Amino acid sequence: MSLPKILYEHLKLPVVAAPLFIISNPDLVIAQCKAGVVGSFPALNARPAEDLDRWLKKITNELAEYDEQNPEFPSAPFAVNQIVHSSNDRLEYDVEMCVKWRVPIVITSLGAKEFVNEAVHSYGGIVLHDIINNRFAKKAIAKGADGIIAVAAGAGGHAGPLSPFALVQEIREWFDGPLLLSGSIANGDAVLATEAMGADLAYIGSAFIATEEANAVRTYKQAIVDYNADDIILSNLFTGVHGNYLRPSIEAAGLDPENLPESDPSQMSFGTDGDSVSKAWKDIWGCGQGIGAVKSILTTQNLVDRLESEYKSAKLRIM
């Protein structure tokens, strides 16, 4: 299967910016798309729910205006992340908004539901589903997803336990469609390595936290710059699902990073009902293991330019 045009036609780099809970907002998404990578945000970041309509209007209109003014270098497409979990009582409304605004790419997480795929396909959009193992990947494709986001060990926020080498290899044994890889990707060398392993695009999150447009406090952005992989803690305490978090933020909350209790997975919560989980994610900072490559807070354009320069240099080294 060839890669859909939407995933390469207007991209400067084979990169999708991951949707970051709380952090991704319209300004960041627009900047990502203008810079030449797929921008994205979680639908649940728009609160109250009615804000999603306004966010999609802003993103759609500003990118259309940019494209009209820059026909030779149009913007990359954008994506909306939908949490397809029983705790998300906004899902149907949020999907309706995606249909209304014909969102080019929808990213589904924490479950796969056929009605979401059908809704997106009704106007010609595509669905990418994130998974942490091969079994979930097969289920997602069986239910109608167009592509897979393989979330490997080292990814920020909710992370998988598997090596990217193993995960990509197993998926590619049976699936030749769009495959994205997530996990510790923060420089151009890693983007090229993603392709070398057999994936089509890199899925980058944590590096975009340390950008001027990101909706994160300055101390969070600076922590991405100041710390490295040794400062990342894996825990399921905060949402019921294992995720990677910055040690200093855990300590600042009065917790011992080396002795965190286990959470009950049956009580999973992902910020769909508001305050408690949103507060936790504001105070406990999700982050991937690749942050050692982040040396300063940049504009989104400057970050993408850095990634592009490193990517081209890496290609030259192996020729």
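The model is predicted, so local features need pLDDT of at least 70 and side-chain atom pairs count only at pLDDT 80 or more, while totals for chains, interfaces and linings use all residues. Residues are numbered from 1 along each chain as its sequence is written, and side-chain values use heavy atoms, with hydrogens and water left out.

**Aromatic pairs**

- Searching the whole structure turns up four aromatic pairs; rings of Phe, Tyr and Trp (its six-membered ring) pair if their centres lie within 6.5 Å, with planes under 30 degrees apart called stacked, over 60 edge-to-face and the rest tilted.
- One of them joins W174 and F175: the ring centres are 5.5 Å apart and the planes sit at 45 degrees, so this pair is tilted.
- F175 is buried at 6% relative accessibility, whereas W174, at 32%, is partly exposed (buried means under 20% relative accessible area, exposed over 50%, partly exposed in between, using a 1.4 Å probe and protein chains only).
- Y220 and W285 make a stacked pair, with 4.7 Å from centre to centre and 10 degrees between the planes.
- That pair ties together distant parts of the chain, 65 residues apart: Y220 belongs to helix α8 (residues 218-226), and W285 to the loop between α10 (275-283) and α11 (300-318). Helices (H or I, at least four residues) and strands (E, at least two) are DSSP runs, numbered from the N terminus.
- Y220 and W285 are both buried.

- M319 sits in the segment after α11 and is exposed, with a relative accessible area of 81%.

**A three-stranded sheet**

- The strands run in the order β7-β11-β10 in an open, antiparallel sheet; two strands pair if DSSP finds at least two bridges between them.
- β7 (157-158) and β10 (232-235) are the edge strands, each with a single partner, so one side of each has no neighbour in the sheet.
- β10 and β11 (residues 243-246) are joined by four bridges.
- S235 is in β10, opposite G243 in β11, and is buried at 4% relative accessibility.
- A polar side-chain atom of S235 lies 3.0 Å from the backbone nitrogen of L237.

Terms used:
Polar contact = N/O pair within 3.5 Å; in protein donor to acceptor, adjacent residues only side chain to side chain.
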